[in-house]
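Morning, everyone. I'll take you through one structure, a piece at a time. Please put it up on the screen.

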Amino acid sequence: MTLLDFARGPAMQWALIIFLAGATFRLTGILLFGRKKPLSPARGNARLEGYKTIVSRFMPNAVFHRRIGTVHIMSLAWHMGFIFVVLFFQPHIVFFEGLLGLSWPGVANSIVMPVAGITLVLLALAFLRRINHPVLKLLSGAGDFATIIVTALPLVTGMLASAHLVLKYETMLALHLLSISLFLVWVPFSKLMHVVLFLPSRKRLGEKLGYKGVKA
Amino acid sequence: MSDRMSLGERLKLHGISRRALLKYCACTASMMAMPPGMVSAAAANLEKLKRPSVIWLSFQECTGCTESLTRSASPSIESLIFDTVSLDYHHTLQAASGTAAEAAREAAMEESYGEYILIVDGSIPTGNPGYSTIAGIDNLSMLKDVARGAAAIISVGTCAAFGGLPMADPNPTGAVSVADALPDRSIINVPGCPPIGDVITGVLVQILAFGDIPELDHLGRPMAFYGQNIHDRCYRRPFYERGLFAESFDDEGARKGWCLYKLGCKGPVTYNACAVTKWNGGVSFPIQAGHGCIGCSEPRFWDKGGFYQPISQTTFTDRTQLGIAAAAGVAAGVGATLMARSKQKKIRARLAEEESS
Ligand code: SF4
C-alpha cells in the first residue's frame, strides 16, 4: 500500500469515523443538556433573536468597530477564503461528490490559488498576532497554536500539491489528504469544534438574550 | 543474413545511411537526456554491434507486451536494430516449439553465458509451482536458472515489473514481480500495460549502445521514459487549470477535449512517456483518444479504486461505518446527557433538603 493509497483509504475512513462520532457526541450533549426554565415571562421574541444573532455576529457590534474592526474583517476574510477554497476547488467538489453524492459548480484554479494564498497569509498574521499580543498571549495555550498549525497544513500541502512543487504530486496529495484527516480528528477535541458549534451556539445565545428582551 | 554481420553492415544492406543512424541516435539521446557528445559514441557502438543474444521469458501474461513491441507502424531503424538482436527464445515469435524451443533456450544460454540479455514479461506465481509451467518447468525455477547467466534483466510490462493483473487482489496465484522473485539482482523495469514499443526498444538500444544500465527511478524504471508525469505533459492541462472538465464520455466537454480528471484520469499520479512519445509511431495516446489515463505503469494500478473514480475521492466505498459512527456519537451524547441530568437532579434535591432542614 502506498502512502496515497493509505491516505485515500483507511486514514480518511478512520478520520471521518472519529470526526462524526466525536462531533455528534459533543453536539448532542450540548443541545440536550438541561437548562433552568426562565421564571419571568418572555420580554421579546426569543426564536427570532436567535436567528438574527446567527447573522449579526458576522460583524462586530458598532461600539467595537474601532477597536477590533480590522481584526474582525481579517478573521472574516480568512474564514470566507477557507470555505471558498474547500467548497469551490474542482477536485474538492469531486471529493464531496464521492462522499455525499452531491455536486456543484466550481471555479478555475487561477481564482482558487490566489484566494488560498491570501487565506494562508491571513492565517499567518493571526498566528503572529497571537504570539505578540500581550493579552492574547496569556490566553493562548498549546492547543490554540496546534489548532492553527493543523488548519494551515491542508492549505500548505494543497497549494504545493496543486502546483506540483517540493515533492512529487502523489506524495504531496497523500500528505494533503493526511493533513485533512488530522484536521477532522482534531475537530471534536479542540476549539476547532466551532466548525460545528458556531451556528447552534449563536442561536442559543440570541434566544437567551432575546427572551430577556435584550438585543444580542 | 549472417549472424556475424554488424549492425552497420545490416543497415547499409537496407539502404540506411550512417547519417540516418546518427539522426536516430541523436533523437534517442535527446529522449534520454544524454549529452550531445554521446551521440557519435552511441552510433559507433551500435554500428559495431554483433547479434547479442536475447532470451525472452513469458510467464503469467497476456502477450500484450509482445503485441506492442511487434506492432510498429512501419519498419524503422528501431525495428532493424531489434532485428539485429538474436531473439533466441520467445514463445510467441519463435518458430520452434516444445522440446526444440527449450533446446534453443539452453543452447543460447550455454553459448552466451554471462552475456545475454534476459527479458521477462508476466508475473511469477509462487502459490503453487504448478499454476504456470513451461515444458514442465515452473516459472520461478526457469527464471532463476536463466537469470543466473544474464548480463542484464529487463522486466517488460507491469506484470513482470510489479505483479500487474495476476497480482491484483486477492492474488489467487501468489504472483510476484521479477524483482521480488530475484531480490539480489538489479532489474530494469519497463512497465505499462503494455509498455510503448518505442520505449522497450529505446531501453534495449541504450543497453546495447552503451553497455550500461540507464538511470533508474525509485521503482527501477528508466528515468528517460518514466521521469515525466503524464499530467505535467498532457495537452489537456490548460483545461484542468481553467476548471473545464468532461463530466461524461459523450458530453460537450468530452467533445471539446476538456480535462478527464472527473472521469477518473490517473495522469497526475502516473509516470510514463505516453504524452510525449505517444503510440503507433507518435499518432496518439489514450488521453488524446478521449479516455483518462488508467495509470498502468504504476504498481498495483488494478487495486487503486475504480478506473473511473477521480483520484481526489476516497477509495472506501462502504459508508455504513460512517452512519454507525454518527449514530454512536448521538447515542453516547444522549447517554451522557441523561447521566448528567440525573446527577443534576440529585444535587438539586440535596440542596433543597439542606435548605429546608
Ligand atoms: S486529462 Fe488527465 S493528465 Fe490530462 S490534464 Fe486532465 S487529469 Fe491531467
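In which loop of chain B does Asn280(B) lie? Asn280(B) lies in the loop between α15 (274–277) and α16 (320–356) of chain B. Helices here are DSSP runs of H or I with at least four residues, strands are DSSP runs of E with at least two, and both are numbered from the N terminus.

Before going on, some ground rules. This is a predicted model, where local features need pLDDT of at least 70 and side-chain atom pairs count only at pLDDT 80 or more, while totals for chains, interfaces and linings use all residues. Residues are numbered from 1 along each chain as its sequence is written, chains are lettered from A and ligands numbered from 1 in the order in which they are written, and side-chain values use heavy atoms, leaving out hydrogens and water.

Back to Asn280(B). It is not a glycine, yet its phi is positive, about 50°. Its relative accessibility is 54%, so Asn280(B) counts as exposed. The cut-offs: buried is under 20% relative accessible area, exposed is over 50%, partly exposed is in between, with a 1.4 Å probe and protein chains only.

Ala135(B) is another non-glycine with a positive phi, about 50°. Look for Ala135(B) in the loop between β5 (133–134) and β6 (137–138) of chain B. Ala135(B) is exposed too, at 56% relative accessible area.

Now the strands. Take β7, residues 150–156 of chain B. Of its 7 residues, 6 are buried, so the strand is mostly covered. β7(B) runs parallel to β3 (residues 116–121) of chain B, joined by 5 bridges. Strands pair if DSSP finds at least two bridges between them.

Next, the loop between β9 and α10 of chain B. Pro194(B) is in that loop. A cis peptide bond joins Cys193(B) to Pro194(B), with omega about 0°. A cis bond also joins Asp169(B) and Pro170(B), with omega about 10°. Pro170(B) is in the loop between α8 (158–162) and β8 (175–176) of chain B.

On to α10, residues 197–210 of chain B. How far apart are its end C-alpha atoms? They are 20 Å apart, which agrees with the 20 Å that its 14 residues should span at 1.5 Å a residue. That expected span is 1.5 Å times one less than the number of residues. Is α10(B) enclosed or open? Largely enclosed by the rest of the structure, because 12 of its 14 residues are buried. Among them are Val199(B), Ile200(B), Leu204(B) and Gln206(B). After the helix comes Gly211(B), with a positive phi near 65°.

Now the ligand. Which residues are around it? They include His231(B), Cys234(B), Arg236(B), Arg237(B), Cys259(B) and Cys265(B). Being near means having a heavy atom within 4 Å. By class, the shell has 7 nonpolar, 2 polar and 2 charged residues. Ala, Val, Leu, Ile, Met, Phe, Trp, Tyr, Cys and Pro count as nonpolar, Asp, Glu, Lys and Arg as charged, and the others, Gly among them, as polar.

Last, chain A. Its secondary structure comes to 9 helices and 0 strands. The C-alpha trace of chain A spans about 65 × 35 × 35 Å along its principal axes. Of its 216 residues, 38% are buried.
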